[in-house]
Amino acid sequence: MNSQTSWGIAIRGKVVTFVRENNGATTKEIREKIGNEAIGQLARLVETGQLIRVRRGYYEFQSVRVKVK
């Protein structure tokens, strides 16, 4: 794994933790807390299902759902 991959994983982890702990966050809050590099990772987090884009500029944590039979 190269340093760029490790860097992206670390940033995405920080973003997910921040959004989860705050029960959602705006793009502005994420930028202020983590930095501009985090904004570029938001699309990937939504794409992989780790975050939900509720509306423009607002993200929430995707909680794990267990299907009970």
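# Exercises on strands and helices

Strand S3 (residues 58–61) pairs with S1 over two bridges, in the antiparallel sense. The model is predicted: local features need pLDDT of at least 70, side-chain atom pairs count only at pLDDT 80 or more, and totals for chains, interfaces and linings use all residues. Residues are numbered from 1 along each chain as its sequence is written, and side-chain values use heavy atoms, with hydrogens and water left out.

Helices (H or I, at least four residues) and strands (E, at least two) are DSSP runs numbered from the N terminus; two strands pair if DSSP finds at least two bridges between them.

**Exercise 1.** State the order of the strands in the sheet and find its edges.

*Solution.*
- Step 1. S2 and S3 pair over four bridges, in the antiparallel sense.
- Step 2. The three strands form an open sheet with the order S1-S3-S2.
- Step 3. S1 (25–26) and S2 (51–55) stand at the edges with a single partner strand each, so one side of each has no neighbour in the sheet.

**Exercise 2.** Find the residues of S3 that stand opposite Thr-26 and Leu-51, then describe the turn between S2 and S3.

*Solution.*
- Step 1. Opposite Thr-26 stands Tyr-58.
- Step 2. Opposite Leu-51 stands Phe-61.
- Step 3. S2 and S3 form a hairpin with two residues between them. Gly-57 in this turn has a positive phi of about 80°.

**Exercise 3.** Sort residues of helix H2 (residues 27–34) into buried and exposed. Buried means under 20% relative accessible area, exposed over 50%, and partly exposed in between (1.4 Å probe, protein chains only).

*Solution.*
- Step 1. Thr-27, Ile-30 and Ile-34 are buried.
- Step 2. Viewed down the axis of H2, the buried residues fall within an arc of 65°, so they line one face of the helix. The arc is that of the directions from the helix axis to the C-beta atoms.
- Step 3. In general, an α-helix has 3.6 residues a turn, so residues three or four places apart point the same way.
- Step 4. Lys-28, Glu-32 and Lys-33 are exposed, on the face turned away from the buried side.
- Step 5. Just after H2, Gly-35 takes a positive phi of about 120°.

**Exercise 4.** Is Gln-41 buried or exposed, and which residues does Gln-41 touch?

*Solution.*
- Step 1. Gln-41 lies in the loop between helix H3 (36–39) and helix H4 (42–47).
- Step 2. Gln-41 has a relative accessible area of 11%, so this residue is buried.
- Step 3. Leaving aside residues up to four places away in sequence, Gln-41 touches Trp-7, Gly-8, Ile-11 and Arg-12. Contact means heavy atoms within 4.5 Å.
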